[in-house]
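Let's take a walk through this model, from its open space to its packed rings. Have the sequence and the 3D view open side by side.

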Amino acid sequence: MSDVFRIDVSWLPPGAGPKEFRDTAASLQIAVAGKLATRNDDDWSRSVESATRVSAYPLALWLASSWWRLRWESRPYRNAPDTAWRMSHEMPAAGHGYLWPLVKFDSDGEAITLECCPSNPASEEPIRYLTDFEDSIPAPAFEKTIDEFVGLVLARLDALGTKSSQLHGLWAEVLEERSSAGYSGARRLEARLGFEPGEAPESLLEHFGILLLRIGQGAVDELAPVCHGPQHAVVLAQIEEFASLPGIDAHVTVPRQDDAFGSSSTPWEKGWRLAQMTRDFCGLNGQPVSDQQLSELLGIPVKGLLKGAPGDSRPPLGLVIREAKPDHIKLLFRKRNPTALRFEAARFLAEQVLSPDSETWLPTTDSNTARQKTQRAFAAQFLCPINSLREFLDNDFSPESIEAAGDHFGVSELAVKSVLANHHEIPRDLVAV
């Protein structure tokens, strides 16, 4: 299994319950980058254990049934996760009477963030999990570990005479869908929209299929999380209506940068480095970016930058639409206040720098996909470069100094705090304060 994400199993003598459960009794250890999610205080043994005693079968069954959503669905950003999301993303949903560690899975498309929370110290349960961490693992490592774990459980069942079970059928279906481009694309879209496999309305999938031919796979991947929730069709209609508005004609002269950092780069690293490359190309030399400079880079008048979203509407996203020539675009802002508009404009610039010429819609949204994370990291570093920010603050992280830095660089105080936290200058929990 992957060293960054491991599910290690030591089989135990058969326990109680149905045969599949008895035959897969195990001492189970789950580790993420060396941190043990299964470390627990065990009342039965009166000791702290690194593994937990469970049946591996219900966990394998839950991972198989939730595979598409675990792999592709982000945490909803408008509201707290509902019961359906939690049942597909939080390990205690494996259930069947076992005490599972509280591990939550959140995908951005390229990596899976695992958040592990300790048990309530006041809990009277005989097993209390102790570890508290959050870490991201590359999607290929996640897939490899899940594949190997489910395969191990199936091999155990086969060896003990159970060659047909719910897990056998479900996992065979998952593998078949993953091997088919058509099924895989549909399941991926359903997951990003928040549906169980096969439960998305056919009309909605057909609508996205038609859109895909016009706007590209990348845009569809970004629109789906925006449409997540019960009003998916309404939100999609709002997006299409928004895209039909005149917008602001723009002409970007900054060249697209090839991603030379490899698949191992995180969205944050990619955005930060590409922003620095773009600043170097523009000769900005660490100085704040003025409204005039930002407007010139986008090829729009300053009044266009400050105009904001059209009418009284609250668009669900911002959008760049490429015209006949890749460097001729239409900008549709959704923000209204000056600092938010500047940040959104920088995200538009990021899309021009990052996106292949074949894509015609370039969305900016509030979702936590890898692409949106990269945009936000790019915008933060482009407008408020960390070295210049450090020099301006001179180790003074008081609220007054952070407010002054926001005014100096033309960004929000939240953006300043985010840049500082990303570079470990302040704790992450101070960002929202």
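Predicted model: local features only at pLDDT ≥ 70, side-chain atom pairs only at ≥ 80, totals over all residues.

Residues are numbered from 1 along each chain as its sequence is written, and side-chain values use heavy atoms, with hydrogens and water left out.

Let's start with empty space. Rolling a probe the size of a water molecule over the atoms shows where such space is left. On a 1 Å grid over the protein atoms alone, a cavity is a set of points where a 1.4 Å probe fits but cannot get out, and a pocket is an open set with protein on both sides within 12 Å along at least five of seven lines; lining residues have an atom within 4 Å of a point. Grid points are joined across faces, edges and corners, and a volume is the space filled by probe spheres set on the points.

The largest pocket has a volume of about 1900 Å³. It is lined by 50 residues, and the closest to its centre are Trp268, Asn368, Lys373, Arg376 and Asn422. Several elements each supply at least two lining residues, including strand E8 (111–117), helix H11 (267–282) and helix H15 (370–383); helices (H or I, at least four residues) and strands (E, at least two) are DSSP runs, numbered from the N terminus. Helix H18 gives the most to this lining, with six residues. By class, the pocket lining has 17 nonpolar, 15 polar and 18 charged residues. Here Ala, Val, Leu, Ile, Met, Phe, Trp, Tyr, Cys and Pro count as nonpolar, Asp, Glu, Lys and Arg as charged, and the others, Gly among them, as polar.

Now for the rings. Rings of Phe, Tyr and Trp (its six-membered ring) pair if their centres lie within 6.5 Å; planes under 30 degrees apart count as stacked, over 60 as edge-to-face and the rest as tilted. The model has nine aromatic pairs by this rule. One of them joins Phe5 and Phe142, stacked at 6.2 Å centre to centre with 5° between the planes. Phe5 lies in strand E1 (residues 5–11) and Phe142 in helix H5, so this pair ties together parts that are 137 residues apart in sequence. Both Phe5 and Phe142 are buried (under 20% relative accessible area; exposed is over 50% and partly exposed in between, with a 1.4 Å probe and protein chains only). Phe142 also pairs edge-to-face with Phe105, at 6.0 Å and 65°. Ring pairs link Phe5, Trp62, Phe105 and Phe142 into a cluster.

Finally, look at Glu359, in the loop between H14 and strand E14 (361–364). Glu359 is buried, with a relative accessible area of 10%. Its side chain makes a polar contact with the side chain of Arg371 at 3.0 Å (a pair of N or O atoms within 3.5 Å; within protein, one must be able to donate a hydrogen and the other to accept it, and residues adjacent in sequence count only if both atoms are side-chain atoms).
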